[in-house]
Amino acid sequence: MIKRWMALALWAPWVVFAQASETITVAGQVQQERTYSVSELLAFPPSKITTITFPSKNSSSGATSLRGVRIAVLIEEAGLVQADRNTWKNLLVSAQAQDGYRVVFSWSELTNTPVGDQALVVFERNGQPLPEREGRLALYSGADKHQGPRTVRQVKRLVVKSFE
């Protein structure tokens, strides 16, 4: 029994990596559902690509630089569905990973606070594609006090929802 579990533990990560998506879909309360590939994100105008830099966990390696597109930019490209002028105040954005992990942002947070300036769908770390374990695309919230809880490896979907 233990041998089976160990074999599954060694095999399962490979399965997740093999299924890692190279696209991200923006869906929910948007005018047009959009799917972006890594190459499409790389082709965004420089004004829509953001780089965030923060100290590395390993002090000997200096700073870490992440490059990607802000979540709000991707959603604005898909177009928000707005019933009235106050609808945006009740919108949530759920970021979903390949393995089912989810994190949530409010639309106000993404468009009206420093958190939104550093909430990115990332495609590069230190000028290189993301490591395999993170998937081709990942989501980072660079302004959060603690990075881990709202980091989404292998992000595949952004869903805009109303919480009313």
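This is a predicted model: local features need pLDDT of at least 70, side-chain atom pairs count only at pLDDT 80 or more; totals for chains, interfaces and linings use all residues.
Q: Let's start with helix α3: which of its residues are buried?

A: In α3, the buried residues are Ile71, Ala72, Val73, Leu74, Ile75 and Ala78. That makes six of the eight residues in 71–78, so the helix is largely enclosed by the rest of the structure.

Q: How should I read the nonpolar core, and which residues have the most contacts inside the largest one?

A: Here is the general idea: in soluble globular proteins, nonpolar side chains tend to be buried together. In this model the largest nonpolar core has 34 residues, and those with the most contacts inside it are Leu41, Ile71, Leu74, Ile75, Val121, Leu139 and Leu158. Several elements each supply at least two residues of this core, among them β1 (23–28), α2 (38–42), β5 (91–97), β7 (119–125) and β10 (155–162). Helix α3 gives the most, with six residues.

Q: Leaving aside neighbours within four places in sequence, what is Ile71 in contact with?

A: Ile71 is in contact with Val93, Phe105, Leu110, Ala119, Leu120, Val121, Leu139 and Leu158, once those neighbours are set aside. There is also a second, separate core of seven residues, which includes Ile52, Val122, Leu130 and Ala138.

Q: On to charged pairs: how many salt bridges does a search of the whole structure find?

A: The search finds five. One of them joins Lys48 and Glu77, whose closest N and O atoms are 2.5 Å apart. This pair links distant parts of the chain, with Lys48 in the loop between α2 and β3 (49–55) and Glu77 in helix α3, 29 residues apart. Lys48 is partly exposed at 29% relative accessible area, and Glu77 is partly exposed at 33%.

Q: Where in the chain do Arg67 and Glu124 lie?

A: Arg67 is in strand β4 (residues 63–70) and Glu124 in strand β7, 57 residues apart. Their side chains meet in a salt bridge, 3.2 Å from N to O. To judge burial, remember that under 20% relative accessible area counts as buried. Glu124 has 16%, so this residue is buried, whereas Arg67, at 28%, is partly exposed.

Q: Are Asp144 and Arg150 buried or exposed?

A: Asp144 is buried, with a relative accessible area of 14%, and Arg150 counts as buried at 16%. Their side chains meet in a salt bridge, 2.8 Å from N to O. Together with Glu109, Asp144 and Arg150 are linked in a network of salt bridges.

How values were computed
Residues are numbered from 1 along each chain as its sequence is written. Side-chain values use heavy atoms; hydrogens and water are left out. Buried means under 20% relative accessible area, exposed over 50%, partly exposed in between (1.4 Å probe, protein chains only). Helices (H or I, at least four residues) and strands (E, at least two) are DSSP runs, numbered from the N terminus. A nonpolar core is a set of buried Ala, Val, Leu, Ile, Met, Phe, Trp, Tyr and Cys residues joined through side-chain atoms within 4.5 Å. Contact means heavy atoms within 4.5 Å. A salt bridge is a side-chain nitrogen of Lys or Arg within 4 Å of a carboxyl oxygen of Asp or Glu.
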